[in-house]
Amino acid sequence: MRTINALLLLLIAGALISCDSALDENPSGRLSGDQFDTPNRVEGLVTAAYAALGNGHWDASTYTDPWPWGSVRSDNSYKGGGSVADQGVYNNYEQFSSIRTDLDKADQFWFKSYQGISRANLALEKLGEISEEEFPMKTRRMAEARFIRGHFHFMLKIMFKHVPFVEANEERELKNVSNREFTSQELWDKIAADFQFAAENLPPSQPEVGRVDQWAAKAYLAKTRLYQAYRQDDNNQVVEIQDDKLQEVVQLVNELESSGEFELFDDIRKNFLWEFDNTDGGETVFAVQRSRDDGTVRGRVNMENALNYPMNSGFGCCWFHIPSQNFVNSFQTNSEGVPKFDTFNQNSLTEPQDFQQNTVDPRLDHSVALEGHPFKYDNSQIYDPDVWARSPATYGPYTSMKGLQPVGSPSVQQVVFFYASSKNNDVIRYADVLLWKAEALIELGRENEALPIINRIRNRAANSAVKDEDGNDVSNYNIEPYRDGQNINWTKENAREALRYERRMELGMEGWRFFDLVRWGIAAETLNDYFETERQRRDYLQDASFQEGRDEYLPIPQQQIDFSDGTYVQNPGWPGS
(Lines give C-alpha, C1' and ligand atoms only; values in the text may rest on other atoms or scores of the structure.)
Protein backbone atom coordinates (compact mmCIF):
# COMPACT_ATOMS: atom_id res chain seq x y z
CA MET A 1 0.00 0.00 0.00
CA ARG A 2 1.25 3.45 -0.91
CA THR A 3 -0.65 5.61 1.57
CA ILE A 4 -0.06 8.89 3.33
CA ASN A 5 -0.75 8.60 7.05
CA ALA A 6 -2.04 12.13 7.32
CA LEU A 7 -3.16 11.90 10.94
CA LEU A 8 0.12 10.66 12.36
CA LEU A 9 2.11 13.13 10.33
CA LEU A 10 -0.10 16.04 11.34
CA LEU A 11 0.16 15.22 15.03
CA ILE A 12 3.93 14.95 14.91
CA ALA A 13 4.28 18.15 12.90
CA GLY A 14 1.91 20.05 15.14
CA ALA A 15 3.71 18.97 18.29
CA LEU A 16 7.12 19.74 16.85
CA ILE A 17 6.39 23.09 15.23
CA SER A 18 3.71 24.57 17.48
CA CYS A 19 5.03 23.51 20.87
CA ASP A 20 8.73 24.01 20.27
CA SER A 21 8.20 27.43 18.75
CA ALA A 22 6.02 28.48 21.66
CA LEU A 23 8.77 27.63 24.13
CA ASP A 24 11.42 29.59 22.25
CA GLU A 25 11.99 33.27 22.87
CA ASN A 26 10.68 34.33 19.50
CA PRO A 27 7.26 35.91 20.03
CA SER A 28 6.97 37.25 16.49
CA GLY A 29 5.04 34.19 15.33
CA ARG A 30 7.60 33.48 12.59
CA LEU A 31 9.96 30.53 12.86
CA SER A 32 13.62 31.41 12.55
CA GLY A 33 16.18 29.36 10.66
CA ASP A 34 18.04 28.15 13.72
CA GLN A 35 14.87 26.48 14.99
CA PHE A 36 15.39 23.77 12.35
CA ASP A 37 19.03 22.96 12.91
CA THR A 38 18.53 19.42 14.19
CA PRO A 39 17.57 16.25 12.28
CA ASN A 40 14.41 15.79 14.38
CA ARG A 41 13.16 19.25 13.59
CA VAL A 42 13.95 18.97 9.90
CA GLU A 43 12.14 15.64 9.91
CA GLY A 44 9.16 17.47 11.37
CA LEU A 45 9.04 19.83 8.42
CA VAL A 46 8.73 16.91 6.02
CA THR A 47 6.00 15.57 8.27
CA ALA A 48 4.19 18.91 8.07
CA ALA A 49 4.37 18.79 4.27
CA TYR A 50 2.77 15.32 4.31
CA ALA A 51 0.06 16.60 6.63
CA ALA A 52 -0.96 19.24 4.08
CA LEU A 53 -2.22 16.42 1.85
CA GLY A 54 -4.79 15.50 4.48
CA ASN A 55 -6.04 19.02 5.06
CA GLY A 56 -8.48 19.09 2.16
CA HIS A 57 -12.09 20.12 2.72
CA TRP A 58 -15.27 20.33 0.68
CA ASP A 59 -15.10 24.12 0.91
CA ALA A 60 -12.82 24.07 -2.16
CA SER A 61 -9.51 22.45 -1.24
CA THR A 62 -10.46 19.08 -2.72
CA TYR A 63 -7.02 18.33 -4.12
CA THR A 64 -6.99 14.61 -3.37
CA ASP A 65 -10.72 13.92 -4.00
CA PRO A 66 -11.54 16.45 -6.73
CA TRP A 67 -15.23 15.66 -7.23
CA PRO A 68 -16.38 19.33 -7.60
CA TRP A 69 -13.76 20.06 -10.26
CA GLY A 70 -13.50 16.82 -12.23
CA SER A 71 -16.91 15.22 -11.83
CA VAL A 72 -19.49 18.01 -11.37
CA ARG A 73 -17.87 19.91 -14.26
CA SER A 74 -18.26 16.85 -16.49
CA ASP A 75 -21.12 14.82 -17.91
CA ASN A 76 -20.92 12.42 -14.96
CA SER A 77 -22.64 14.33 -12.18
CA TYR A 78 -24.68 17.27 -10.92
CA LYS A 79 -23.76 19.43 -7.97
CA GLY A 80 -26.67 18.22 -5.86
CA GLY A 81 -27.56 19.44 -2.38
CA GLY A 82 -30.77 21.10 -1.22
CA SER A 83 -31.11 23.48 -4.15
CA VAL A 84 -29.20 25.21 -6.92
CA ALA A 85 -28.30 27.91 -4.39
CA ASP A 86 -26.92 25.40 -1.84
CA GLN A 87 -23.13 25.80 -2.16
CA GLY A 88 -24.18 27.84 -5.16
CA VAL A 89 -20.69 28.68 -6.37
CA TYR A 90 -20.29 25.06 -7.43
CA ASN A 91 -23.40 25.58 -9.56
CA ASN A 92 -21.56 28.35 -11.40
CA TYR A 93 -18.71 25.97 -12.15
CA GLU A 94 -21.10 23.20 -13.22
CA GLN A 95 -22.89 25.39 -15.75
CA PHE A 96 -19.75 27.22 -16.99
CA SER A 97 -21.76 30.12 -18.42
CA SER A 98 -21.96 31.85 -15.02
CA ILE A 99 -18.34 31.47 -13.92
CA ARG A 100 -16.74 34.72 -12.78
CA THR A 101 -13.08 35.45 -12.18
CA ASP A 102 -13.71 36.42 -8.54
CA LEU A 103 -15.54 33.29 -7.35
CA ASP A 104 -14.13 32.30 -3.99
CA LYS A 105 -13.79 28.53 -4.28
CA ALA A 106 -11.21 28.63 -7.06
CA ASP A 107 -9.32 31.23 -5.05
CA GLN A 108 -9.39 28.95 -2.00
CA PHE A 109 -8.15 25.99 -4.05
CA TRP A 110 -5.26 28.13 -5.32
CA PHE A 111 -4.40 29.46 -1.85
CA LYS A 112 -4.56 26.09 -0.06
CA SER A 113 -2.48 24.40 -2.76
CA TYR A 114 0.27 26.96 -2.43
CA GLN A 115 0.17 26.49 1.32
CA GLY A 116 1.02 22.84 0.69
CA ILE A 117 3.79 23.84 -1.71
CA SER A 118 5.14 26.26 0.89
CA ARG A 119 5.40 23.47 3.46
CA ALA A 120 7.26 21.24 1.01
CA ASN A 121 9.62 24.06 0.05
CA LEU A 122 10.40 24.95 3.67
CA ALA A 123 11.30 21.32 4.28
CA LEU A 124 13.52 21.30 1.18
CA GLU A 125 15.20 24.55 2.19
CA LYS A 126 16.11 23.30 5.65
CA LEU A 127 17.10 19.86 4.37
CA GLY A 128 19.56 21.65 2.12
CA GLU A 129 21.20 23.21 5.16
CA ILE A 130 21.92 19.94 6.94
CA SER A 131 24.54 17.39 5.93
CA GLU A 132 24.10 13.72 5.05
CA GLU A 133 26.40 12.92 7.98
CA GLU A 134 24.07 14.70 10.38
CA PHE A 135 20.95 13.29 8.76
CA PRO A 136 21.49 10.14 6.67
CA MET A 137 17.87 10.25 5.46
CA LYS A 138 18.39 13.68 3.90
CA THR A 139 18.10 12.72 0.23
CA ARG A 140 15.16 10.42 0.81
CA ARG A 141 13.24 13.09 2.69
CA MET A 142 14.03 15.60 -0.05
CA ALA A 143 12.54 13.16 -2.54
CA GLU A 144 9.39 12.88 -0.44
CA ALA A 145 9.05 16.65 -0.18
CA ARG A 146 9.50 17.05 -3.92
CA PHE A 147 6.82 14.40 -4.55
CA ILE A 148 4.39 16.37 -2.38
CA ARG A 149 5.32 19.62 -4.12
CA GLY A 150 4.81 17.88 -7.47
CA HIS A 151 1.31 16.77 -6.48
CA PHE A 152 0.17 20.27 -5.59
CA HIS A 153 1.69 21.79 -8.73
CA PHE A 154 0.08 19.05 -10.85
CA MET A 155 -3.37 19.79 -9.46
CA LEU A 156 -2.90 23.53 -9.99
CA LYS A 157 -1.74 22.88 -13.55
CA ILE A 158 -4.77 20.85 -14.59
CA MET A 159 -7.07 23.38 -12.91
CA PHE A 160 -5.59 26.67 -14.17
CA LYS A 161 -2.99 25.71 -16.83
CA HIS A 162 -0.71 28.72 -16.24
CA VAL A 163 0.46 28.86 -12.62
CA PRO A 164 3.61 30.01 -10.83
CA PHE A 165 6.10 27.22 -10.22
CA VAL A 166 7.58 27.92 -6.79
CA GLU A 167 10.85 26.30 -5.75
CA ALA A 168 12.71 26.10 -2.46
CA ASN A 169 15.14 28.90 -1.66
CA GLU A 170 13.15 31.17 -3.96
CA GLU A 171 14.33 34.73 -3.40
CA ARG A 172 11.11 36.20 -4.75
CA GLU A 173 7.79 36.34 -2.94
CA LEU A 174 5.03 34.22 -4.47
CA LYS A 175 3.24 37.29 -5.81
CA ASN A 176 6.36 38.16 -7.81
CA VAL A 177 6.70 34.74 -9.45
CA SER A 178 5.00 35.07 -12.83
CA ASN A 179 2.46 32.46 -13.86
CA ARG A 180 3.88 32.83 -17.40
CA GLU A 181 7.53 32.40 -16.48
CA PHE A 182 7.38 29.02 -18.18
CA THR A 183 5.46 27.82 -21.22
CA SER A 184 2.87 25.13 -20.63
CA GLN A 185 5.29 22.43 -21.80
CA GLU A 186 8.11 23.83 -19.67
CA LEU A 187 5.82 23.83 -16.65
CA TRP A 188 5.02 20.17 -17.25
CA ASP A 189 8.76 19.51 -17.34
CA LYS A 190 9.23 21.29 -14.01
CA ILE A 191 6.52 19.15 -12.41
CA ALA A 192 7.92 16.00 -14.00
CA ALA A 193 11.38 16.81 -12.61
CA ASP A 194 10.02 16.61 -9.06
CA PHE A 195 8.55 13.16 -9.66
CA GLN A 196 11.71 12.08 -11.52
CA PHE A 197 13.87 13.09 -8.55
CA ALA A 198 11.51 11.22 -6.23
CA ALA A 199 11.59 8.11 -8.42
CA GLU A 200 15.40 8.12 -8.49
CA ASN A 201 15.85 8.68 -4.76
CA LEU A 202 13.04 6.77 -3.07
CA PRO A 203 13.25 3.07 -2.19
CA PRO A 204 10.80 0.49 -3.57
CA SER A 205 9.22 0.33 -0.12
CA GLN A 206 9.36 2.38 3.05
CA PRO A 207 9.68 1.07 6.63
CA GLU A 208 6.99 3.46 7.90
CA VAL A 209 3.43 3.19 6.64
CA GLY A 210 2.45 6.42 4.97
CA ARG A 211 5.59 7.53 3.19
CA VAL A 212 5.63 7.64 -0.60
CA ASP A 213 7.92 5.25 -2.41
CA GLN A 214 9.55 4.78 -5.78
CA TRP A 215 6.46 3.24 -7.37
CA ALA A 216 4.16 6.08 -6.38
CA ALA A 217 6.67 8.51 -7.87
CA LYS A 218 6.99 6.58 -11.11
CA ALA A 219 3.21 6.39 -11.43
CA TYR A 220 2.81 10.12 -10.90
CA LEU A 221 5.60 10.76 -13.39
CA ALA A 222 3.74 8.60 -15.93
CA LYS A 223 0.54 10.57 -15.31
CA THR A 224 2.39 13.85 -15.79
CA ARG A 225 3.93 12.72 -19.07
CA LEU A 226 0.57 11.46 -20.32
CA TYR A 227 -1.02 14.86 -19.79
CA GLN A 228 2.00 16.59 -21.28
CA ALA A 229 1.86 14.39 -24.38
CA TYR A 230 -1.27 16.21 -25.56
CA ARG A 231 0.33 19.53 -26.46
CA GLN A 232 -2.09 22.43 -26.56
CA ASP A 233 -1.92 25.78 -28.30
CA ASP A 234 -2.66 29.11 -26.62
CA ASN A 235 -6.39 28.50 -27.07
CA ASN A 236 -6.29 25.14 -25.26
CA GLN A 237 -6.70 23.11 -28.46
CA VAL A 238 -4.73 19.88 -28.79
CA VAL A 239 -2.36 20.39 -31.73
CA GLU A 240 0.04 17.48 -31.27
CA ILE A 241 0.30 14.17 -29.43
CA GLN A 242 3.97 13.62 -28.62
CA ASP A 243 5.22 10.08 -29.12
CA ASP A 244 8.27 10.43 -26.89
CA LYS A 245 6.07 11.29 -23.89
CA LEU A 246 3.75 8.39 -24.66
CA GLN A 247 6.69 6.00 -24.88
CA GLU A 248 7.85 7.18 -21.47
CA VAL A 249 4.38 6.42 -20.08
CA VAL A 250 4.54 2.88 -21.45
CA GLN A 251 8.01 2.31 -20.01
CA LEU A 252 7.09 3.62 -16.56
CA VAL A 253 3.92 1.53 -16.36
CA ASN A 254 5.89 -1.51 -17.52
CA GLU A 255 8.17 -0.98 -14.53
CA LEU A 256 5.21 -0.84 -12.16
CA GLU A 257 3.79 -4.02 -13.67
CA SER A 258 7.13 -5.80 -13.37
CA SER A 259 7.54 -4.79 -9.73
CA GLY A 260 5.00 -7.36 -8.54
CA GLU A 261 3.77 -4.80 -5.99
CA PHE A 262 0.32 -4.26 -7.47
CA GLU A 263 -2.62 -6.28 -8.67
CA LEU A 264 -6.22 -5.56 -9.55
CA PHE A 265 -8.59 -6.57 -6.80
CA ASP A 266 -10.70 -9.56 -7.83
CA ASP A 267 -13.83 -7.46 -7.23
CA ILE A 268 -13.95 -3.73 -7.94
CA ARG A 269 -15.94 -3.09 -4.74
CA LYS A 270 -12.81 -3.60 -2.65
CA ASN A 271 -11.50 -0.28 -3.90
CA PHE A 272 -14.45 1.50 -2.30
CA LEU A 273 -14.81 -0.21 1.07
CA TRP A 274 -12.89 0.83 4.18
CA GLU A 275 -12.13 -2.73 5.30
CA PHE A 276 -9.93 -3.34 2.26
CA ASP A 277 -7.63 -0.37 2.87
CA ASN A 278 -3.95 -1.23 3.28
CA THR A 279 -4.40 -4.68 1.75
CA ASP A 280 -1.11 -6.23 0.69
CA GLY A 281 -0.82 -6.68 -3.04
CA GLY A 282 -3.83 -4.47 -3.62
CA GLU A 283 -4.69 -1.73 -6.05
CA THR A 284 -3.64 1.45 -4.26
CA VAL A 285 -0.60 3.16 -5.76
CA PHE A 286 -0.94 6.51 -3.98
CA ALA A 287 -3.57 7.44 -1.40
CA VAL A 288 -4.10 9.63 1.62
CA GLN A 289 -4.62 7.47 4.70
CA ARG A 290 -7.37 8.46 7.13
CA SER A 291 -8.30 7.59 10.72
CA ARG A 292 -10.92 8.09 13.43
CA ASP A 293 -11.16 7.42 17.18
CA ASP A 294 -7.49 8.25 17.38
CA GLY A 295 -7.45 10.50 20.44
CA THR A 296 -8.16 13.71 18.56
CA VAL A 297 -11.45 15.60 18.55
CA ARG A 298 -12.77 14.24 15.26
CA GLY A 299 -10.04 12.07 13.87
CA ARG A 300 -8.45 12.49 10.48
CA VAL A 301 -11.54 11.67 8.44
CA ASN A 302 -12.00 12.68 4.83
CA MET A 303 -13.75 16.04 4.89
CA GLU A 304 -13.32 16.49 1.14
CA ASN A 305 -16.46 14.44 0.40
CA ALA A 306 -18.33 15.10 3.67
CA LEU A 307 -21.16 16.85 1.79
CA ASN A 308 -21.98 13.80 -0.25
CA TYR A 309 -23.73 11.41 2.13
CA PRO A 310 -27.47 10.85 1.51
CA MET A 311 -30.41 11.93 3.67
CA ASN A 312 -31.53 8.65 5.22
CA SER A 313 -31.58 8.18 8.98
CA GLY A 314 -28.21 6.48 9.02
CA PHE A 315 -26.58 9.64 7.70
CA GLY A 316 -28.73 12.72 7.18
CA CYS A 317 -26.67 15.19 5.17
CA CYS A 318 -26.13 16.57 2.51
CA TRP A 319 -26.62 14.72 -0.81
CA PHE A 320 -24.11 16.42 -3.10
CA HIS A 321 -22.29 14.93 -6.14
CA ILE A 322 -25.33 13.29 -7.76
CA PRO A 323 -24.92 11.01 -10.80
CA SER A 324 -26.33 12.49 -13.99
CA GLN A 325 -28.93 10.72 -16.09
CA ASN A 326 -26.41 10.69 -18.93
CA PHE A 327 -23.94 8.85 -16.69
CA VAL A 328 -26.54 6.25 -15.65
CA ASN A 329 -27.54 5.69 -19.27
CA SER A 330 -23.93 5.25 -20.35
CA PHE A 331 -23.69 1.87 -18.60
CA GLN A 332 -26.07 0.27 -21.10
CA THR A 333 -24.64 -2.58 -23.15
CA ASN A 334 -25.84 -4.27 -26.31
CA SER A 335 -26.62 -7.93 -26.86
CA GLU A 336 -22.92 -8.63 -27.43
CA GLY A 337 -21.94 -7.20 -24.06
CA VAL A 338 -20.17 -4.06 -25.27
CA PRO A 339 -21.18 -0.42 -24.73
CA LYS A 340 -23.80 1.32 -26.81
CA PHE A 341 -21.20 3.89 -27.79
CA ASP A 342 -23.34 6.15 -29.98
CA THR A 343 -26.86 5.27 -28.84
CA PHE A 344 -26.72 4.87 -25.05
CA ASN A 345 -28.42 8.22 -24.41
CA GLN A 346 -31.35 7.69 -26.76
CA ASN A 347 -33.41 6.06 -24.03
CA SER A 348 -33.17 6.68 -20.29
CA LEU A 349 -33.06 4.11 -17.53
CA THR A 350 -35.22 5.70 -14.82
CA GLU A 351 -37.60 3.10 -13.37
CA PRO A 352 -36.56 -0.01 -11.38
CA GLN A 353 -37.77 -2.31 -14.16
CA ASP A 354 -35.53 -0.54 -16.69
CA PHE A 355 -32.47 -2.11 -15.08
CA GLN A 356 -33.97 -5.56 -15.64
CA GLN A 357 -35.31 -5.02 -19.13
CA ASN A 358 -32.05 -3.54 -20.42
CA THR A 359 -28.55 -4.94 -19.99
CA VAL A 360 -25.89 -2.94 -18.17
CA ASP A 361 -22.26 -2.96 -17.13
CA PRO A 362 -21.96 -4.17 -13.48
CA ARG A 363 -19.96 -1.09 -12.58
CA LEU A 364 -23.23 0.86 -12.58
CA ASP A 365 -24.16 -0.65 -9.21
CA HIS A 366 -20.76 0.23 -7.76
CA SER A 367 -21.12 3.86 -8.79
CA VAL A 368 -24.80 4.80 -8.46
CA ALA A 369 -27.44 4.12 -5.80
CA LEU A 370 -30.56 2.93 -7.63
CA GLU A 371 -34.09 2.53 -6.32
CA GLY A 372 -34.65 -0.91 -4.80
CA HIS A 373 -30.94 -1.82 -4.91
CA PRO A 374 -28.68 -2.25 -1.88
CA PHE A 375 -26.68 0.79 -0.83
CA LYS A 376 -22.96 -0.06 -0.69
CA TYR A 377 -23.64 -3.81 -0.98
CA ASP A 378 -25.72 -3.90 2.23
CA ASN A 379 -29.00 -5.72 1.65
CA SER A 380 -30.37 -4.36 4.92
CA GLN A 381 -30.11 -0.85 3.45
CA ILE A 382 -32.24 -0.66 0.30
CA TYR A 383 -32.03 2.64 -1.53
CA ASP A 384 -35.28 4.60 -1.61
CA PRO A 385 -35.06 8.01 -3.33
CA ASP A 386 -38.19 9.19 -1.47
CA VAL A 387 -36.19 8.93 1.75
CA TRP A 388 -32.54 9.18 0.75
CA ALA A 389 -32.61 11.90 -1.93
CA ARG A 390 -32.77 15.53 -0.81
CA SER A 391 -34.09 17.40 -3.86
CA PRO A 392 -34.95 14.84 -6.57
CA ALA A 393 -37.19 17.33 -8.37
CA THR A 394 -34.05 19.29 -9.21
CA TYR A 395 -31.31 16.69 -9.42
CA GLY A 396 -33.05 13.37 -10.02
CA PRO A 397 -33.36 10.25 -7.87
CA TYR A 398 -29.81 8.90 -7.65
CA THR A 399 -26.99 9.08 -5.10
CA SER A 400 -23.28 8.59 -5.64
CA MET A 401 -21.63 5.72 -3.78
CA LYS A 402 -17.94 5.28 -4.55
CA GLY A 403 -16.61 7.81 -2.06
CA LEU A 404 -19.09 6.90 0.68
CA GLN A 405 -19.19 4.14 3.27
CA PRO A 406 -22.23 2.06 4.33
CA VAL A 407 -24.47 2.79 7.29
CA GLY A 408 -22.85 1.47 10.46
CA SER A 409 -19.33 1.22 9.06
CA PRO A 410 -16.73 1.61 11.83
CA SER A 411 -15.04 4.15 9.56
CA VAL A 412 -17.94 6.64 9.58
CA GLN A 413 -17.98 9.55 12.01
CA GLN A 414 -20.37 12.45 12.40
CA VAL A 415 -18.72 15.87 12.35
CA VAL A 416 -21.30 18.46 13.44
CA PHE A 417 -24.01 18.11 10.75
CA PHE A 418 -21.84 16.19 8.31
CA TYR A 419 -20.65 12.63 7.90
CA ALA A 420 -17.16 11.58 6.93
CA SER A 421 -15.13 8.40 6.99
CA SER A 422 -11.62 7.19 7.63
CA LYS A 423 -11.62 5.36 4.29
CA ASN A 424 -8.36 6.17 2.52
CA ASN A 425 -8.95 8.26 -0.57
CA ASP A 426 -7.04 6.90 -3.54
CA VAL A 427 -5.35 9.47 -5.74
CA ILE A 428 -3.90 6.84 -8.07
CA ARG A 429 -5.11 3.25 -8.24
CA TYR A 430 -3.70 0.49 -10.39
CA ALA A 431 -6.61 0.22 -12.85
CA ASP A 432 -6.07 3.90 -13.68
CA VAL A 433 -2.36 3.25 -14.28
CA LEU A 434 -3.07 0.33 -16.62
CA LEU A 435 -5.48 2.45 -18.63
CA TRP A 436 -2.80 5.14 -19.02
CA LYS A 437 -0.63 2.52 -20.69
CA ALA A 438 -3.47 1.37 -22.93
CA GLU A 439 -4.15 4.97 -23.95
CA ALA A 440 -0.50 5.59 -24.77
CA LEU A 441 -0.26 2.40 -26.80
CA ILE A 442 -3.34 3.29 -28.84
CA GLU A 443 -2.04 6.76 -29.66
CA LEU A 444 1.30 5.19 -30.65
CA GLY A 445 -0.52 3.01 -33.19
CA ARG A 446 -0.06 -0.13 -31.05
CA GLU A 447 -3.73 -0.67 -30.36
CA ASN A 448 -3.44 -4.46 -30.49
CA GLU A 449 -1.20 -4.30 -27.41
CA ALA A 450 -3.81 -2.20 -25.62
CA LEU A 451 -6.63 -4.70 -26.22
CA PRO A 452 -5.67 -7.24 -23.49
CA ILE A 453 -5.12 -4.42 -20.99
CA ILE A 454 -8.63 -3.04 -21.50
CA ASN A 455 -10.08 -6.55 -21.46
CA ARG A 456 -8.31 -7.22 -18.16
CA ILE A 457 -10.26 -4.32 -16.65
CA ARG A 458 -13.51 -5.50 -18.26
CA ASN A 459 -13.06 -9.07 -17.07
CA ARG A 460 -12.67 -7.83 -13.51
CA ALA A 461 -15.88 -5.83 -13.95
CA ALA A 462 -17.67 -8.97 -15.14
CA ASN A 463 -16.64 -10.67 -11.89
CA SER A 464 -18.01 -7.81 -9.78
CA ALA A 465 -21.75 -8.48 -9.85
CA VAL A 466 -23.79 -6.99 -7.01
CA LYS A 467 -26.26 -9.48 -5.51
CA ASP A 468 -29.52 -9.19 -3.61
CA GLU A 469 -30.23 -11.11 -0.41
CA ASP A 470 -31.23 -14.17 -2.45
CA GLY A 471 -27.98 -14.18 -4.41
CA ASN A 472 -29.45 -12.81 -7.62
CA ASP A 473 -27.88 -10.01 -9.69
CA VAL A 474 -29.57 -6.74 -8.79
CA SER A 475 -29.41 -5.56 -12.41
CA ASN A 476 -29.43 -7.38 -15.74
CA TYR A 477 -25.67 -7.55 -16.33
CA ASN A 478 -24.08 -8.27 -19.67
CA ILE A 479 -20.43 -7.35 -20.20
CA GLU A 480 -17.96 -9.12 -22.45
CA PRO A 481 -14.34 -8.53 -23.42
CA TYR A 482 -13.73 -6.90 -26.78
CA ARG A 483 -13.16 -9.44 -29.54
CA ASP A 484 -11.75 -8.07 -32.76
CA GLY A 485 -13.93 -8.89 -35.74
CA GLN A 486 -16.76 -10.17 -33.52
CA ASN A 487 -18.21 -7.53 -31.23
CA ILE A 488 -15.90 -4.71 -32.41
CA ASN A 489 -13.53 -3.90 -35.23
CA TRP A 490 -10.36 -3.07 -33.31
CA THR A 491 -9.08 -0.19 -35.42
CA LYS A 492 -7.12 2.66 -33.87
CA GLU A 493 -10.18 4.90 -34.00
CA ASN A 494 -12.45 2.32 -32.37
CA ALA A 495 -9.80 1.39 -29.82
CA ARG A 496 -9.49 5.05 -28.83
CA GLU A 497 -13.27 5.28 -28.37
CA ALA A 498 -13.30 2.06 -26.34
CA LEU A 499 -10.45 3.26 -24.12
CA ARG A 500 -12.13 6.58 -23.40
CA TYR A 501 -15.40 4.82 -22.66
CA GLU A 502 -13.64 2.35 -20.38
CA ARG A 503 -12.14 5.16 -18.34
CA ARG A 504 -15.62 6.56 -17.80
CA MET A 505 -17.04 3.19 -16.70
CA GLU A 506 -14.10 2.30 -14.46
CA LEU A 507 -13.29 5.69 -12.94
CA GLY A 508 -16.63 7.51 -13.07
CA MET A 509 -17.46 9.60 -9.97
CA GLU A 510 -13.81 9.49 -8.86
CA GLY A 511 -13.17 13.07 -9.91
CA TRP A 512 -11.07 12.81 -13.09
CA ARG A 513 -13.56 12.83 -15.99
CA PHE A 514 -13.38 16.55 -16.84
CA PHE A 515 -9.59 16.49 -16.89
CA ASP A 516 -9.67 13.51 -19.25
CA LEU A 517 -11.94 15.41 -21.63
CA VAL A 518 -9.63 18.43 -21.62
CA ARG A 519 -6.55 16.28 -22.16
CA TRP A 520 -8.15 14.61 -25.18
CA GLY A 521 -9.30 17.94 -26.59
CA ILE A 522 -12.98 16.97 -26.65
CA ALA A 523 -14.37 18.88 -23.65
CA ALA A 524 -16.37 21.41 -25.68
CA GLU A 525 -18.07 18.96 -28.01
CA THR A 526 -18.75 16.43 -25.24
CA LEU A 527 -20.17 18.88 -22.72
CA ASN A 528 -22.23 20.94 -25.15
CA ASP A 529 -23.78 17.73 -26.51
CA TYR A 530 -24.43 16.69 -22.92
CA PHE A 531 -26.09 20.01 -22.02
CA GLU A 532 -28.27 19.92 -25.13
CA THR A 533 -29.98 16.73 -23.98
CA GLU A 534 -29.59 16.98 -20.22
CA ARG A 535 -31.28 20.39 -19.96
CA GLN A 536 -34.46 18.65 -21.19
CA ARG A 537 -34.21 16.40 -18.14
CA ARG A 538 -33.00 18.92 -15.55
CA ASP A 539 -34.56 22.38 -15.78
CA TYR A 540 -31.77 24.10 -13.84
CA LEU A 541 -29.34 23.45 -16.74
CA GLN A 542 -31.20 25.70 -19.20
CA ASP A 543 -28.38 28.23 -19.45
CA ALA A 544 -25.45 25.82 -19.20
CA SER A 545 -22.91 26.02 -22.01
CA PHE A 546 -19.20 25.42 -22.51
CA GLN A 547 -17.11 28.00 -24.35
CA GLU A 548 -14.32 26.36 -26.34
CA GLY A 549 -10.94 27.98 -25.86
CA ARG A 550 -11.92 29.37 -22.46
CA ASP A 551 -13.62 26.85 -20.20
CA GLU A 552 -10.99 24.12 -20.42
CA TYR A 553 -9.36 25.89 -17.46
CA LEU A 554 -10.59 28.06 -14.64
CA PRO A 555 -9.72 31.73 -14.73
CA ILE A 556 -6.78 32.85 -12.63
CA PRO A 557 -8.60 34.07 -9.48
CA GLN A 558 -8.98 37.84 -9.55
CA GLN A 559 -8.02 37.88 -5.89
CA GLN A 560 -4.64 36.41 -6.83
CA ILE A 561 -4.13 38.83 -9.73
CA ASP A 562 -4.81 41.68 -7.32
CA PHE A 563 -2.45 40.14 -4.75
CA SER A 564 0.29 39.97 -7.39
CA ASP A 565 -0.21 43.61 -8.37
CA GLY A 566 -0.90 42.44 -11.90
CA THR A 567 2.08 40.09 -12.22
CA TYR A 568 -0.23 37.17 -12.97
CA VAL A 569 -1.68 37.03 -16.50
CA GLN A 570 -5.32 36.02 -16.94
CA ASN A 571 -6.20 32.96 -19.00
CA PRO A 572 -7.63 33.41 -22.55
CA GLY A 573 -11.28 34.32 -22.87
CA TRP A 574 -11.72 35.78 -19.41
CA PRO A 575 -12.11 39.49 -18.57
CA GLY A 576 -8.69 41.06 -18.26
CA SER A 577 -6.96 38.57 -20.55
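Just after helix α9, Gly260 takes a positive phi of about 75 degrees, where helices are DSSP runs of H or I with at least four residues and strands are runs of E with at least two, both numbered from the N terminus. The model is a predicted one, in which local features need pLDDT of at least 70, side-chain atom pairs count only at pLDDT 80 or more, and totals for chains, interfaces and linings use all residues. Residues are numbered from 1 along each chain as its sequence is written, and side-chain values use heavy atoms, with hydrogens and water left out.

Helix α9 itself comprises 17 residues (243-259) and reaches 25 Å from its first C-alpha to its last, close to the 24 Å expected at 1.5 Å a residue, the expected span being 1.5 Å times one less than the number of residues. Its buried residues (under 20% relative accessible area, with exposed meaning over 50% and partly exposed in between, for a 1.4 Å probe and protein chains only) are Lys245, Leu246, Val249, Val250, Leu252, Val253 and Leu256. An α-helix has 3.6 residues a turn, so residues three or four places apart point the same way. The cover over the buried residues of α9 includes α8, β4 (238-241), β5 and α15 (430-443), contact being defined as heavy atoms within 4.5 Å.

Strand β5 (residues 284-289) is mostly covered, with 6 of its 6 residues buried. This strand runs antiparallel to β13, to which 4 bridges join it, pairing of two strands requiring at least two DSSP bridges between them. Within this pairing, Ala287 has Asp426 of β13 as its bridge partner.

Strand β13 (residues 425-429) also gives the most to the lining of the largest cavity, with 5 residues. On a 1 Å grid over the protein atoms alone, a cavity is a set of points where a 1.4 Å probe fits but cannot get out, whereas a pocket is an open set with protein on both sides within 12 Å along at least five of seven lines, and lining residues have an atom within 4 Å of a point. The search of the whole structure finds 8 cavities of 30 Å³ or more, and the largest has a volume of about 370 Å³, a volume being the space filled by probe spheres set on grid points that are joined across faces, edges and corners. Of the 29 residues lining the largest cavity, Asp65, Lys402, Gly403, Asn425 and Glu510 lie nearest its centre.

The second largest cavity holds about 150 Å³ of space. Its lining consists of 14 residues, of which Trp188, Tyr227, Gln232, Val518 and Tyr553 are the closest to its centre, and the elements that give two or more residues to this lining are α6, α7, β3 and α18.

For helix α7 (residues 184-201), the 18 residues should span 26 Å at 1.5 Å a residue, and the end C-alpha atoms are 26 Å apart, which agrees. The buried residues of α7 include Trp188, Ile191, Phe195 and Phe197, and the buried residues of this helix pack against α6 (138-160), α8 (214-229) and β3 (230-232).
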